[in-house]
Amino acid sequence: MLRIEHLTKTYGEKKAVDDLSLHILPGEIYGFIGHNGAGKTTTIKACCGILNFDAGEIYVDGLSVREKPVECKSRLAYIPDNPDLYEFLSGIKYLNFIADVFGVTQADREARIKKYADTFDLTGDLAQPISSYSHGMKQKLAVISALLHEPKLIIMDEPFVGLDPTAAYQLKSIMREHCQRGGAIFFSTHVLEVAEKLCDKVAIIKNGRLITSGTMEEVRGDQSLEDVFLELEGEAHA
Amino acid sequence: MLKTLLKIRLASFYAGFTGMQSRKKKPSAGRGVLFALLMVYCAGAFGLMFFGFFSSLAEPFYGAGLAWLYFSFLGLTAFALMFVGSVFTTKAQLFEAKDNELLLSMPIRPGDILGSRMAALLLMNLVFELLCAVPAAIAWLQAAPLSAAGWFSLVVIVLVLPLLAQAFSCLVAWLVSLMTARVRNKSLMTTLFSLAFLGAYFYFFSQVNTYITQLVASGSAIAGRLGAVAPVYWLGDSVANGNLISLALLAAVCLGVFALLCWLLARSFLRIVTTKRGFARIKYEEKTLRVSSRRSALLGREFARLGSSPGYMLNSGLGLVFIVGGAAAMLIKRAELLTALAQLGFAGDRAAALLALALCMTAGLVLFTAPSVSLEGKSLWIARSMPVPTREVLRAKQNMNLWLTLPCVLFCSLAGLFVFRPGPAAAAGLVLLPAAFTVLSGNIGLIANLRHPNLSWINETQAVKQGMSVLLSMLVNWGLALAAGLPYLLLLESRMDGGLYLLLCTAVTALAALLTERWLGRRGVLLFESL
């Protein structure tokens, strides 16, 4: 579903991502872990066609992000680390706008908005301007908008930040259902406990380079993910 | 701390204006020189305007022994300029700045935050004042002498008058914030209030010639009336007659009013910036959702953004008010206009040519596209992650400009056809040239903003009012309109048919529009994708 091949991105002299390769299969929840500034957001933005990259290739559902960006974007959904949405719209108008842009039929958009807004307890607030929303409400709206067109691939940057425990639980359930239907999820997180419980596979990145990746069992072995992460970070420092 | 905050505030003004906030590269020396040249140009244009205005007053007032009235008028003009120039920025900087909460969360005294914002605004007011005071002083020196005490008074007044203007700006900004805070359609209310305010301002300036004539003709009578308003008299008296007592009284008034306002603001600043006034809660009721095409949705997004922002509407759309107002005035005052133009030798095709060129100048004031990229701000990721070709995102910005501007321009052209009854070539030119220019000026605005974006603004005013792209677009638009108009008016008017000239200009403008269109489709797309 998502194939990253030898991705390299530099900002001036600094290599933000260095020869990174990953492969996310349909039905997988793939966690992406690394320290601050490791290159997670750069990788994620490159996968979504938001950021141009210097070398390598990224394929979404077999299509090159570089060559077919629009087709790739219509197959995926992106949830950023900071939900800066259009504050000049109300929640419902924002969702309707996203549905228009992704070409969702009227019946589908109405049904999905109802389903997900009810799930995240946001229905009553949909007529309110987004400028009046709290951070968590904006995050919920960003999640709902990402689900409107039933993407094959969902790419999320720190999706649990700002969500209350109930909403976080709902999101985890939705992620699992999405993958059971054959979709794939690639997300970054600093919450290792969540990654450990939720992810089928995990990749750890340090200074733009992949340190390790594989199934959770392969990466973790007998230890906790936290121990493995700290150990690998320490080795990388040494 | 105050010094640090003030530095940040000034850096923010500078970066917001030059678009350097969103640049990944270090600003080049050439960019700094361009910025300085632009500033010199603007200062020069304002300076010349005020010099012309005060030159016509200096000698008659000196001859009539009304020197004090001249300086009173200088003070009043500078006060009006400072007040109008700062009132909306004051509202944005003091009451609506997005970084208020961030700063308040730090160990910084609220007084320092308020003080730094106030100091930056005062500095801005001082610049406005100097634009008026320096040429007025030069105009006076050409007509009459000024004593050492008069010079001293003038310098002191230049320093204290911004305090009074700032106090009034704060008061009005606070009242507008208060009045619009609780209403549901806040944007509309603010826009209407601002339009009324600007209407009064432009009405005053449209009457300037009448006022000058009245001032020159009946200076003594006006002096008597103004003299009754003591501070206005003190202002003029202190400079013209070197009266230091008047100066002390005026300075006391300025300092006193400003100190009172600062005291009031300091007491309530924390409450003002932290109180969530709350929206009237709107309960969502499920209803059928309207389905639109991608193109309509993108266009709707641009209109929604415009409709939500009074600052955007006013700063970018004021030209439309002039175009429609001008067309209406042309129809209503048809006979007077025809007579006046006939006296200047303009009728039929020539009058149509003049109108077409004037219309291009005014259309150059419509700047919807110039801040449109900057206004994406931190939500740029949405436009970048949508499954839509970048060209379509840019085209929506162009189309909003066309949807709003073309009908107004067409209305004015048709009014011109009705009033001047030109021949077929001039008639075609009168309709086609302003239309082509509207397309071109929209493209120029978008290009300027793609090259000089500011995506990290802390309030929209920085994007719509203080951006380099806005100023550049306006100057380029006017430069092009003048380049089209001046050769005809200065050289070719008697040698060339007005209609033919208009059609030639139309062809060149259409070609330029086509070239800018191609630039947007290639380089513009790449620039947007690299933001």
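Angles on this tour lie between N-to-C directions and run from 0 to 180 degrees, with axes fitted to C-alpha atoms, for helices over the stretch in contact. The model is predicted.

Start with helix α6 of chain A, residues 165-180. Helix α6(A) lies across β3, β7 and β8 of chain A, and its direction is at about 140° to β8(A).

Next, select helix α1 of chain A, residues 40-47. Helix α1(A) lies across β3 (29-34), β7 (153-157), β8 (184-188) and β9 of chain A, at about 150° to β7(A).

In chain A, six strands form an open sheet with mixed pairing, ordered β6-β7-β8-β3-β9-β10. The edges are β6 (76-79) and β10 (209-215) of chain A; each has a single partner strand, so one side of each is without a neighbour in the sheet. On average, and with direction ignored, neighbouring strands are turned by 15° against each other.

Select strand β9 of chain A, residues 201-206, together with β10(A): the two run antiparallel and are joined by six bridges. Within β10(A), A:L210 is the residue opposite A:I205.

Finally, bring chain B into view. The contact between the chains takes 31 residues from chain A and 27 residues from chain B. On the side of chain A that touches chain B, α2 (69-75), α3 (91-101) and α4 (106-119) of chain A each supply at least two residues. Select α3(A) in particular, which gives the most to that side, with five residues. Coloured by class, the side of chain A that touches chain B has 16 nonpolar, eight polar and seven charged residues.

Key:
Residues numbered from 1 in each chain as written. Chains lettered and ligands numbered in written order. Predicted model: local features only at pLDDT ≥ 70, side-chain atom pairs only at ≥ 80, totals over all residues. Contact = placed C-beta atoms within 7 Å. Helix = DSSP H or I, 4+ residues; strand = E, 2+ residues; numbered from the N terminus. Nonpolar A, V, L, I, M, F, W, Y, C, P; charged D, E, K, R; others polar. Pairing = 2+ DSSP bridges.
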